[in-house]
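Here are my notes on the model you sent over, point by point.

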Amino acid sequence: MNWMNRGAMGAALLGALSVAWACSGGDSSRVLIQNKGSDTLVNLAQAWAENYRAVKPAVAIAVSGGGSGTGIAALINGTVDIANASREMHAEEKEQVRAHSGKDATEHRVARDAIVVYVSKANPLEKIKLADLACIYAEDGTCQSWTSLGIEVPGCADQKIIRVSRQSNSGTYEFFRDAVLGKGKDFKLGSRDMQGSKDVVDLVGKTPCAIGYSGMGYITSDVKVLCLAKDASSPCIAPTPASAKSGEYALSRWLYMLTLGEPEGDIKGYLDWIVSPAGQKIVADTGFVPVN
Amino acid sequence: MGSDREHAGGTHDLGRSRTAVAAERVIEAVIRICGFSAIFFVFSIFLFVLLSGSDFIIHRLDIREFLLSPEWVPTSVSNKRYGTMALTLGTFSVTGLAMLIAVPFGLGAAVFVSEFTDGRTKEVLKVVIELLAAIPSVVWGFIGLVIMNPLIIAMFDAPIGLNVLNGGILLGLMSVPIIVSIGEDAIKAVPDSYREASMAMGATRWQTVVHVLLPAARSGLLAAVLLGVGRAIGETIAVLMATGHAVQIPHSPLDSVRTLTATIASELGETARGSDHYQALFTIGILLFALTFVVNLSADLIVRGVRGEQR
């Protein structure tokens, strides 16, 4: 369970913080930056926060997940300093930020990601077209069984496709919906909506009939990654750092950190460090793609 | 204290000092407030939930769509739909299956603990059953996800193990301790003279239980079962983790479902305060409120009916 891991890590972080706080004798110059949002970004954000302690011990960063929508809502309500998002902000969200704080939200590109589509190891499928994905996931899609895609999955009862998706406040959910199903379209009801990227990978790995999608940082060897073709005549592109960076892979996107107005002081220091070579090295280490 | 004043102060205040009398008044007032606070809290919560959803309910709620449409698509860009039929049926199916498991097990255990054991075995059983109630629901959910999911796939050849069956078994086990402890109290409360009379007529222990004790304790047993139902309807995190969280009307115990509670839990955090989606979730809260109210009210009426009959 990723939120349990996250909880445990959070508790450990909190413990470490309180020890650090006690050692510094409650130094009032200590700064705490609140950082919340995207589940896709949460592991990376945590890695940044941990590494930043060595860079600048006086600044502590508290990281939590919950989904891009949750992070942006927290930014609107003024409870976080930095929100993480795996999608761009909606126009109405920008409007709400302005209405609540009087400032414009600033989007900082902190990493590049590809949404990877995968099936269980038992599935013979190697590649998939965007149109087939839409046929599986979209409300008006008709692909119910693996046989309709011309394959047979061993160990899968009835050959029924088990669609694994994300809960609706996920940025990955919205990006996939807009990029694969098309603007204004909806997912077909009846998909299993998981609460985090790691849960999707876990479930697809254990379920022969399943197909799922999530950010490239979460892929394990338990699932089989598919290459993606834009249409029948296009080549099939595997999600790699190079194809995500060039945009050749159809489902590549930016990951953002959002602040109220232009960042200042310690928040600016932190964001500058994140896009510096030291911060971007951690991006590559956690399985995502550096910004430059 | 005050005993030396007893004779001087007269008998009407029973010889208590003024401070003792005053203290008693204060304590009485505090207890009174505690008693009425329950009413206050219930009504304020109901009012809060109602007011939070009121704008949506008055202006945009299509009650037929809300209750009878299975389509719950609150985040759609082009066509938002707020139908809770699939969610309500999800809650009912999981709760129903849970009760199929919990009622026989719970009542059986209650009879056994109350009538067929004593001494050490009884104490150990009671403590262990109460321990079962102390397991946090997130741990149950974890068991559903990690242990039951692969088990159900292997045993039933199901495409996925996160389904009604998984959630029903977990909720059943979670409801058992409540049914056992209240059911046992109900059976224990049947006067011993009933048992003695039954035995004296030559009835076996089994006949005594079935024909004398269970009918005599039925109002208490019913209350036990309905509290179990209430527990099952309201449970959130375990069903969120174990039922697959899929908006669809279940056709078999091996289908994934989503419940009313799980929907509120997973979606409320994201919504902007005051938006339609936010208010629709509160409307689901009102629906849940109404469901549990109906369960409790019918329990109350049935129990009263049974009592009236006995008189």
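1. Chain A is assigned domain 1 (2-112 + 254-285) and domain 2 (113-246); such bounds come from an automatic or database domain assignment. Please keep in mind that this is a predicted model, in which local features need pLDDT of at least 70 and side-chain atom pairs count only at pLDDT 80 or more, while totals for chains, interfaces and linings use all residues. Residues are numbered from 1 along each chain as its sequence is written, with chains lettered from A and ligands numbered from 1 in the order in which they are written.

2. Between these two domains of chain A, 17 residues of domain 1 are in contact with 17 residues of domain 2 (contact: C-beta atoms, placed from the backbone, within 7 Å). On the domain 1 side, helix H1 (2-23), helix H2 (39-55), H3 and strand S4 (105-120) of chain A each give two or more residues; helices (H or I, at least four residues) and strands (E, at least two) are DSSP runs, numbered from the N terminus. H2(A) gives the most to this side, with 4 residues.

3. What is the make-up of that domain 1 side by class? It has 5 nonpolar, 9 polar and 3 charged residues. Here Ala, Val, Leu, Ile, Met, Phe, Trp, Tyr, Cys and Pro count as nonpolar, Asp, Glu, Lys and Arg as charged, and the others, Gly among them, as polar.

4. Now to the chain pair: 27 residues of chain A touch 28 residues of chain B. On the chain A side, helix H3 (68-77) and strand S7 (192-194) are the elements that give two or more residues, and the largest share, 3 residues, is from H3(A). This side has 7 nonpolar, 13 polar and 7 charged residues.

5. Chain B is split into domain 1 (3-59) and domain 2 (81-310). Their centres, taken over C-alpha atoms, are 34 Å apart, and the contact takes 8 residues from each of the two domains. The domain 1 side has 5 nonpolar, 2 polar and 1 charged residues.

6. One helix pair in chain B is worth a look: the axes of H7 (192-200) and H8 (205-216) come within 10 Å and cross at roughly 155 degrees. H7(B) and H8(B) are therefore roughly antiparallel (angles over 145 degrees). The contact includes B:Tyr194 and B:Arg195 of H7(B) and B:Val212 and B:Leu213 of H8(B).

Methods. Axes fitted to C-alpha atoms, helices over the stretch in contact; angles between N-to-C directions. Parallel < 35°, antiparallel > 145°, perpendicular 65-115°, else oblique.
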